[in-house]
Each structure stands twice: as structure tokens, then as C-alpha cells.
Amino acid sequence: MACVLVAEDDRLLSMLLEEILRSAGHEPRHAFDGCEALELLRAPGARFELTVIDLVMPRLDGAQLIEICRREFPAMPLLLTSGYSREYVFERLGERLPDHFLPKPWDADELAAVVSALLAGRDRP
């Protein structure tokens with residue numbers, strides 16, 4: 001079981017993500033934006049093994065969160081999700097690349113498989 005942080009501002013989608021992760025045997029924690037995600041990641045005793053990040057969030061967006069995570073938590077895999085086109089996402093990210101990009105809409109099996117692969121150290125472009 002892995003402790004997985006979900007940074008997603010859409011409440012319904014975050015609940016779905018958490019349920020999928022729980023069903024796959026993981027322990028999800030939720031942050032509604034990038035600032036809250038950083039607070040959780042930096043908290044004493046935090047033990048996150050993966051972070052799922054939405055691209056567009058208030059206060060601190062996914063691209064900014066990826067940049068900070070790469071600097072402060074370089075070994076932690078980052079999974080980016082977005083409903084925007086792949087071209088737009090990677091143009092917006094620039095050099096701040098996640099370990100995997102999963103376009104929305106995704107299905108539960110696809111998400112669970114990507115999370116498992118990232119936690120196992122596979123599927124890292």
C-alpha cells in the first residue's frame with residue numbers, strides 16, 4: 001500500500017480518484033490546490049510515495065507544483081492529469097515534466113495501472 005497525494009480542485013473528481021486509489025489498495029490524501037499539496041508534502045512525517053496532479057488549480061497550478069516537487073522531492077513520481085490537449089499541456093509545462101501524463105477522461109483501470117507502474121518504477125518517460 002502506498003500513500004498517494006491527490007492534488008485536484010474538482011471535488012467530485014478528487015472523490016473518484018480517492019476511491020479508485022483506495023480500491024487499488026493505496027492510502028490517498030487530498031489537496032484542493034498546489035499550495036495545500038505542498039503543505040501536506042512538507043509536513044513533518046509526511047510519507048507520500050506518489051503525487052497525482054491536476055494541471056489547472058487555484059493559487060499554485062500543476063506546472064508550478066511539478067517544478068517545486070522536482071526540486072524538493074526528486075525521487076517521488078509525479079502523475080499529471082488534464083482535460084487539455086497533450087500539445088497544450090506540454091507547451092505549458094515547458095521543462096517541468098511529470099513522470100507520466102494521463103489525459104482526462106481516463107478510466108479507473110487505466111489510472112490504477114499507471115499508478116502501479118509508477119510506484120514500481122516503470123513507465124517513466
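Is Phe90 buried, partly exposed or exposed, and what is its relative accessible area? Phe90 is partly exposed, with a relative accessible area of 27%; here buried means under 20%, exposed over 50%, and partly exposed in between, using a 1.4 Å probe on protein chains only.

A word on the model before going on. It is a predicted one, in which local features need pLDDT of at least 70 and side-chain atom pairs count only at pLDDT 80 or more, while totals for chains, interfaces and linings use all residues. Residues are numbered from 1 along each chain as its sequence is written, and side-chain values use heavy atoms, leaving out hydrogens and water.

**Aromatic rings**

Searching the whole structure turns up two aromatic pairs. Rings of Phe, Tyr and Trp (its six-membered ring) pair if their centres lie within 6.5 Å; planes under 30 degrees apart count as stacked, over 60 as edge-to-face and the rest as tilted.

| Pair | Centre distance | Plane angle | Class |
|---|---|---|---|
| Tyr84 and Tyr88 | 4.8 Å | 40° | tilted |
| Phe90 and Phe101 | 5.7 Å | 85° | edge-to-face |

Phe90 belongs to helix 4 (residues 86-93) and Phe101 to strand 5 (residues 100-103), so their pairing ties together parts 11 residues apart in sequence. Helices (H or I, at least four residues) and strands (E, at least two) are DSSP runs numbered from the N terminus. Phe101 is buried at 6% relative accessible area. In the other pair, Tyr84 is partly exposed at 42%, and Tyr88 is partly exposed at 33%.

Another ring, that of Phe32, has the charged end of Arg11 sitting over it, 4.1 Å from the ring centre. For this, NZ of Lys or CZ of Arg must be within 6 Å of the ring centre and within 35 degrees of the ring normal.

Helix 2 (residues 34-42) has Gly34, Ala37, Leu38, Leu40 and Leu41 buried. These residues cover an arc of only 165° around the axis, which puts them on the same side of helix 2; the arc is taken from the directions from the helix axis to the C-beta atoms. Their cover includes strand 1 (3-7), strand 2 (27-31), strand 3 (50-54) and helix 3 (62-72), with contact meaning heavy atoms within 4.5 Å.

**Cysteines**

Counting cysteine sulfur pairs within 2.5 Å as disulfides gives zero disulfides. Cys3 has its nearest cysteine sulfur, that of Cys69, 14 Å away, and Cys3 is buried at 4%. For Cys35, the nearest cysteine sulfur is also that of Cys69, 12 Å away; Cys35 is partly exposed at 26%.
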